[in-house]
Amino acid sequence: MEAYRIKVVEPIPITGRDQREEALARAGYNMFNLRSGEVTIDLLTDSGTGALSVAQQAAAAIGDETYAGSTSFYRFHDVITDLTSYPHILPVHQGRAAERILFSALLEPGHIVISNTHFDTTRANVQLAGCEARDLPCPEAKDIDGPYPFKGNIDLAALEEALKSPDADKVDLVIMTITNNGGGGQPVSMANLKATAALCRRHGVPMFLDAARFAENAWLVTQREAEYKNNTPREIAQAAFELADGCMASLKKDGISHMGGFLGIRDDDLANRCLNLLTATEGFRTYGGLAGRDLDMLAQGLAEVTDPRYLRARAEATAHLAELVTLAGVDIVQPVGIHAIYLNAGRLLPHVPPERFPGHALSCALYLEGGIRTVEMGSLFAGEVDEQGRLVTPAAHELVRLAIPRRVYTKSHLEYVGQVIADIAKYPERVPGYRVIESPPILRHFNARLEPFSTSAPL
Ligand code: F0G
């Protein structure tokens, strides 16, 4: 059970089917255009949506809003220094600001960044810096049903090949995303991190962590990597940071706060270049776009997030939802991680071809049926679409992510979600496909507009 009780509650909107149909049509069938008042259970993201603890609220009250040198910054700084060992800690307002600053300081246009899998904003920022974002997930990751415990790993053989290829001098950076959000929320093993760090060192390429879910990765290591079963999640997280040359971290996830992030760097020169960009675009180095109270809530959140009792209860809640969904006959990416479950929409809706976005179709059905907001991670998110919105290359899998906010929903909320999924799974053939009617050039899934489209009509 959770090692906390609830002291402050917030009502959730209960809506009718007609209201949801109207809302979704107005939203251009895009979950990002819904208003929160139209959503009953919001599983769109686990980012910035966690519940604060009493200690975090108390910490906010002592937030020091001094422009330069606030004591809040030093509390934030000390907690992160203890966790990461990096000599330079730059606060930023969220993860993508850390990405933009690091890439502007480190990457040369025309060069390459390699990752186990870039998260979507990370990929967009690499591309905006004029570089190629190359994903090298381990071969086991392709089999989304298999039990392999560390599908977040990078493909070491492919990485070595890339670092020895004629293009090797163009590889500016290797990013290890822990856990691998774009790849089904799967963890990276410490063995894989160590081997990657050694390879990168040998070839003189910096290795950074995208550490948005560093504590959850550490928890899964305690459960799945025998060598670490007697270590605490905090010890494992410290060892992971120690292996890298630095990190970018969105603290909206494992900082259990609404806003925040940081850039951790070992190299003095690189840190100075980043510091100039930070000052020009985010804020002075002791606040970086955050309020003093944010820095204090983050310092406290970072102390709470590695508590094994918290991590175990969170992992078990996600596993419980996964079990309900599996019992309803709906396949999910295996093995289940912590921050989310990923439904295999392609398999549930075989009558909806990739060109009609089965993941999106299932996501819309979850909203229409039960007011549940989720996010598609299939061809709309990762496929290649031409200027008319037609799918040219589908994604490898048509998934829907149900991200679980931290400390927010109870078991009965998750059981409700399981029931709605089971109801849809009884008559999957009723779910229509969709077509894109408006599509921006990057980060399409945030801003596209779609409409339901008969699955039997010609394209
Ligand atoms: N890296 C990873 C692995 C992420 O999951 C995210 C955000 C970011 C970087 C960017 O951080 O939002 O603070 O700027 N992921 C959210 C999600 C948005 O829903 O998975 P940010």
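This is a predicted model: local features need pLDDT of at least 70, side-chain atom pairs count only at pLDDT 80 or more; totals for chains, interfaces and linings use all residues.
How many salt bridges are there between domain 1 and domain 2?

Residues are numbered from 1 along each chain as its sequence is written, and side-chain values use heavy atoms, with hydrogens and water left out.

The protein is divided into domain 1 (17-39 + 307-452) and domain 2 (54-304); these bounds come from an automatic or database domain assignment. Their C-alpha centres lie 27 Å apart. The contact (heavy atoms within 4.5 Å) takes 28 residues from domain 1 and 28 residues from domain 2.

About 2,500 Å² is buried between the two domains, with carbon and sulfur atoms giving 57%. Buried area here is the accessible area (1.4 Å probe) that two parts lose on being put together, summed over both.

Now to the opening question: the count between domain 1 and domain 2 is 5 salt bridges. By this term I mean a side-chain nitrogen of Lys or Arg within 4 Å of a carboxyl oxygen of Asp or Glu. Arg 347 and Asp 145 form a salt bridge through their side chains, at 2.8 Å from N to O.

Which elements give two or more residues to the side of domain 1 that touches domain 2? They are helix 12 (308-327), strand 9 (340-344), strand 14 (399-403) and helix 17 (444-447), where helices (H or I, at least four residues) and strands (E, at least two) are DSSP runs, numbered from the N terminus. Helix 12 supplies the largest share, 6 residues.
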